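Subject: Structure handover

Hello,

Here is the structure I said I would pass on. My notes on it follow below the display.

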Amino acid sequence: MRSTGAIVLIVVLLLIGFAGCAGCGAYNSLVSQDEQVERAWADVETQYQRRADLIPNLVSTVQGAADFEQETLQAVTEARARATSINLTADDLDDPAAIQRYQEAQAALSGALGRLLAVAENYPQLRATEAFRDLQVQLEGTENRINVARRDYNAAVQSFNTTVRRFPGNLFAGIFGFDRRTPFEADAGAEKAPVVEFD
């Protein structure tokens with residue numbers, strides 16, 4: 001009788017110990033992946049900030065062309081101001097609306113920059129300046145870095161979200177308050193191929 005009670009107590013203690021170890025492991029895994037998501041997001045923000053920092057130099061260089069369209073420069077400056085005014089914290093990464101606002105502001109800045117560079121093609125003296133060429137190359141490199149950072153962020157989010165949704169991780173995620181994170185999505189209309197016309 002006494003040995004049966006001791007065996008039951010040992011089995012219960014072993015089960016509690018095993019559950020505790022599994023819980024610690026699951027929690028630590030969730031924390032590690034959450035930190036990876038936050039680091040990847042910081043990389044995205046760093047690249048967007050790099051682009052925002054290049055824009056004043058680009059605008060100043062372009063303003064050197066006396067008859068350059070002020071409306072285009074104004075649009076770029078305003079788009080940069082809107083894009084840099086939206087700040088997301090790690091807590092906002094599970095809010096699809098906040099991510100969408102951030103993406104829209106960055107897309108508007110990309111569009112304004114694209115228009116600026118397209119209009120600049122009409123100014124041979126501007127395109128001939130070394131400063132403008134250097135800034136174009138830096139902006140192109142920065143856009144590539146932004147794409148890589150967004151891809152890396154989405155990979156971190158996918159790994160985290162998979163852990164949060166899989167059993168038994170979903171149990172521990174619910175207990176410890178880990179929610180799914182929102183990945184970057186393609187801009188609206190990106191699924192349509194651009195129309196190229198030669199007039």
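**Around A98**

Leaving aside residues up to four places away in sequence, A98 touches L88 and D92, where contact means heavy atoms within 4.5 Å. This is a predicted model, in which local features need pLDDT of at least 70 and side-chain atom pairs count only at pLDDT 80 or more, while totals for chains, interfaces and linings use all residues. Residues are numbered from 1 along each chain as its sequence is written, and side-chain values use heavy atoms, with hydrogens and water left out.

A98 lies in helix α3; helices (H or I, at least four residues) are DSSP runs, numbered from the N terminus. A98 counts as buried because its relative accessibility is 3% (buried means under 20% relative accessible area, exposed over 50%, partly exposed in between, with a 1.4 Å probe and protein chains only). From A98 to E45 the C-alpha distance is 14 Å, and the two are 53 residues apart in sequence.

**Packing of α3**

Two packed helices are described by the angle between their axes and the distance between the axes. Helix α2 (residues 70-85) packs on helix α3 (residues 96-120) at about 160°, with the axes 8 Å apart. Axes here are lines fitted to C-alpha atoms, for helices over the stretch in contact, and angles run from 0 to 180 degrees between N-to-C directions. The angle therefore makes α2 roughly antiparallel to α3 (under 35 degrees counts as roughly parallel, over 145 as roughly antiparallel, 65 to 115 as roughly perpendicular and the rest as oblique). Residues of α2 in the contact include L73, V76 and R80, and those of α3 include A105, L109 and L116. The contact of α2 with α3 divides into 12 nonpolar, 2 polar and 3 charged residues. For these classes, Ala, Val, Leu, Ile, Met, Phe, Trp, Tyr, Cys and Pro count as nonpolar, Asp, Glu, Lys and Arg as charged, and the others, Gly among them, as polar.

The axes of α3 and α5 come within 13 Å and cross at roughly 155°, which means that α3 is roughly antiparallel to α5. On the α3 side the contact is made by I99, Q103, S110, L113, L117 and A120, which meet F132, Q136, L139, E143, R150 and Y153 in α5. By class, this contact has 7 nonpolar, 3 polar and 2 charged residues.

**The cores**

Which residues touch the most other members of the largest nonpolar core? They are L30, V37, W41, V44, Y153 and F184, in a core of 23 residues. A nonpolar core is a set of buried Ala, Val, Leu, Ile, Met, Phe, Trp, Tyr and Cys residues joined through side-chain atoms within 4.5 Å. Two or more residues come from each of α1 (2-63), α3, α5 (130-165) and α6 (169-176). Apart from this core lies another, of 21 residues, with A83, A105, L113 and Y123 among them.

**From α5 to α6**

P168 lies in the loop between α5 and α6, and the peptide bond from F167 to P168 is cis, with omega near 0°. α5 and α6 pack at about 95°, with their axes 5 Å apart, so α5 is roughly perpendicular to α6. T163, V164 and R165 of α5 meet G169, N170 and A173 of α6.

I175 lies in helix α6 and is exposed, with a relative accessible area of 62%. Its C-alpha atom is separated by 9.6 Å from that of Y27, 148 residues apart along the chain.

Regards
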